[in-house]
Amino acid sequence: MAISNTLRSAYLVLPLALMACSNAEGPKTVSATPAVKPAEKAPVPFPSTYKAYPSVATAIRNVTIYDGEGGKIDNGVVFMTGGKISSVGGADTIIPAGVNVVDGKGKFVTPGIIDIHSHLGDYPTPSVEAHSDGNEATSPTTPEVWAEHSVWPQDPGFSRALANGGVTALQVLPGSANLMGGRSVVLKNVYARTVQGMKFPDAPYGMKMACGENPKRVYGSKGRMPSTRMGNIAVNRQTWIKAQEYKKRRDSGKEFTRDIGMETLAGVLDGDISIQNHCYRADEMALVLDMAKEFGYKVSTFHHAVESYKIADLLRDNGVCSAVWADWWGFKMEAYDAIPENAAILHNTGACVIIHSDDENQIQRLNQEAAKAQADGRRMGFNISDAEVIKWLTYNPAKALGISNKTGSLKAGKMADVVLWNGNPLSVYARPDKVWIDGALMFDASNPKIRPVSDFELGQPGEGDVK
Amino acid sequence: MRHFLYTAAALATFATPVAAETIAITGGRVVVGDGSAPIEGGTVLIRDGKIVAAGTTVVIPSGARQIDATGKWVTPGVFAGFSRLGLAEVDAVNGTNDKSGGRSGFSAAIDVAPAIDPFRSPFAVNRSSGVTRAVVAPEAGDNIFAGQGAIADLGADSNPVTKARAFQFAEFGEEGAASAGGSRAGTHLHFRAMLREAQDYAAGRGTFDDDLLKAEDAKALLSVLRGETRLLIHVEGANDMLRLMELKRDFPTIKMVFVGVSEGWRVAHELAKAGIPVIASALNDLPATFEMLGATQSNVGRMKDAGVQVAIGMINDRDSHQLRYTTQYAGNIVSLQYVPGATGLTWDEAFAAISSVPADIMGVGDRLGSLKAGRAADVVLWDGDPLELSSAATTVIIDGIEQPLTNRQNRLRDRYARPTEGDLPKAYDR
């Protein structure tokens, strides 16, 4: 299955390219008709309707804690109440009388795992053509599309990511067919009837960009620009110039016509929308950094950054994160120089590391992927502590998504997004025992009733099975 | 191939290893690989490329080279139950991808052996992770029969094929139907018709004018029909497996092995009763297709409990590059023992599922896959539990020959351990 996953996102689904209109150039962005004045600030459309589910005040005691920011507490206590982390500390931490107490003997607690690169919902399972909603591969720049409008909230993959992976939040991105693929959406990993019911409240938007092979192949094969890497950069720069003009017009105080694609790009130039940039090769990342300087925006994270290790110092100096797999390689030319020590070299150089999945299977094992990357580092003499490695899966992705003030670590006042593991999460033998999201128990390995089953799986073979 | 065709760096990697010698590996935790418990402080004795003995009472002959394995684990090398190893360097670069010969006009006759290239980097990368043997299968083209696969060794030499034409590979289920005209009805019809044509060929009645098969294809299928060559069939869904078991009743001499088998647990008792071994994808747990609705990671354990012979393989799952995931997958199956309601394997069973069991299923268990006397000396030393994520292979021996552990990836690692350039560009740093 994995190769097809790779085709679907990192490597791009091929039938999709075939599906795209052959000649229709069309407008670059969809223009909405009403002319508006800048003073009338439009309300944010499709607002989150997610509300924390009811919770009971719970203390986990006698447990090993990785706090997500590099800290470790042995024999500690995590207390959560009202959906928030209330206190985190050693054995002497006060546990109020009458609260639910979970004994964590032999177990480990981490913040909820955050996957910064997922296509759950927009390339859901079953992986049928009718569900293939991740690439609007009809124009190389589609900043006007929003991934949330493709998310099928019944994707069975959300439940696996929760139960086997301890994933409590994820960024769902458009695919990588386009240079500018559209807006991403950050979700709480909680099933809902609507995508609005999953949206992480007040999470900033991201915009997906893509370097390299995919855009030039998809459009080059249609006889359109870009067909080369130089074409990729040229189309991007032309589009950023238009975005600068749009922003200027918008800020001029004069009447202007809204353009939802340009709104996204102007949001990037405003610093409100983060750039999430699919980019494998080191040389291309360096070009993108200069392009960002030219137009005055910042790249939050390079995704699939298999060659980040070659420019770890440059990435450190620019404050850009690398979202990487532990060891994927060789499936396409731009993944040829991937090495398992990528994360460790980045970390050792002082650059920001995030372990991501881009895959409905590996999202269930991000903890294991991080553990492999840690071990490969250790063998080259870079000793990275377990607590630091957990940061790659929690605080670092939260920071890169602009939600680290709300989740991503076990700090008082933050959302009680918490995983209790039945062993050290960096061991192959560990699995989530319980997962809380905003303090509500959303998965309990010991209670089949606390195991979500999507509509799709209801009445099917294996409904409600351990997965 | 001659080594001098390669660059100096490649030469270093592929330099002919020293000849097989007598080696005694002492003091380690020895895993025989047959499902038995590890032996603490055991000795493994190797001579002439074969295992002489493994245990606590092994007499070490004078002159044997001794390898101290104190504090280490000593196991048979990983036997990858299903792969496309050596058939691709870069999957998406067509010139380097020999997985499918489906447009050649041939089907069952296709033989992957000459396409398996030991100089492709996945050999060295997976070798250094303790993988020593692999089942290598072709991908199907526009016929349900993909052709003949091989068993390969990962030794750093120019002869990768242990056993050519070791099996025939076929696609059933959705993929099979797609190549048989769009319906599973077509798959079954093609299957029966092609086997009949093979019989016609044997009886001298083959015309090959309007036939589905060419003469070479018929020869290959005849060997399957006679039970001389195993038939590995990719099948995921419960109904497809049941219908295949009915087909087997009509062709009782065919030795079927099912591959993938995501819904195997739903028909586990039938599989056990039919005596059909499986090479299962270990961790499929999503309804990726409608033939995998019942997929669960407990599949392997449930089938084993029902009496099915189960090995772990990686069909269509990074199967040309990432056979090093095999130990991680086995470890995950062990972890299920600690999940309420789930079914896993014990550690000993899990290691057998990636060593002796796949060898047994492929009919080479008397020669490969364990540390029992007489088996090829494929032995790996690990710095910890080989199924654990923190562990690595520290010594790899194939056919009694200690192997180099260098590869392209660790060369890049060494060049960029400190990424900032020094007095010369990185291109000079090697």
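I began with helix α5 of chain B, residues 215-225, and listed its buried residues as D217(B), A218(B), A220(B), L221(B), V224(B) and L225(B), taking a residue as buried if 20 or more other C-beta atoms, placed from the backbone, lie within 10 Å of its own. Looking down the axis of α5(B), I found that these buried residues fall within an arc of 165°, so they line one face of the helix; the arc is that of the directions from the helix axis to the C-beta atoms.

I note that this is a predicted model, in which local features need pLDDT of at least 70 and side-chain atom pairs count only at pLDDT 80 or more, while totals for chains, interfaces and linings use all residues. Residues are numbered from 1 along each chain as its sequence is written, and chains are lettered from A in the order in which they are written.

Next I looked up what the buried residues of α5(B) pack against, and found β8 (145-153), β9 (161-171), α4 (184-202) and β10 (230-235) of chain B; helices (H or I, at least four residues) and strands (E, at least two) are DSSP runs numbered from the N terminus. After α5(B) comes G227(B), with a positive phi near 80°.

I then turned to the contact between the chains, which takes 51 residues from chain A and 45 residues from chain B, two residues being in contact if their C-beta atoms, placed from the backbone, lie within 7 Å. On the side of chain A that touches chain B, α10(A) gives the most, with 5 residues.

Conventions: Buried ≥ 20, exposed ≤ 12 C-beta atoms within 10 Å, placed from the backbone.
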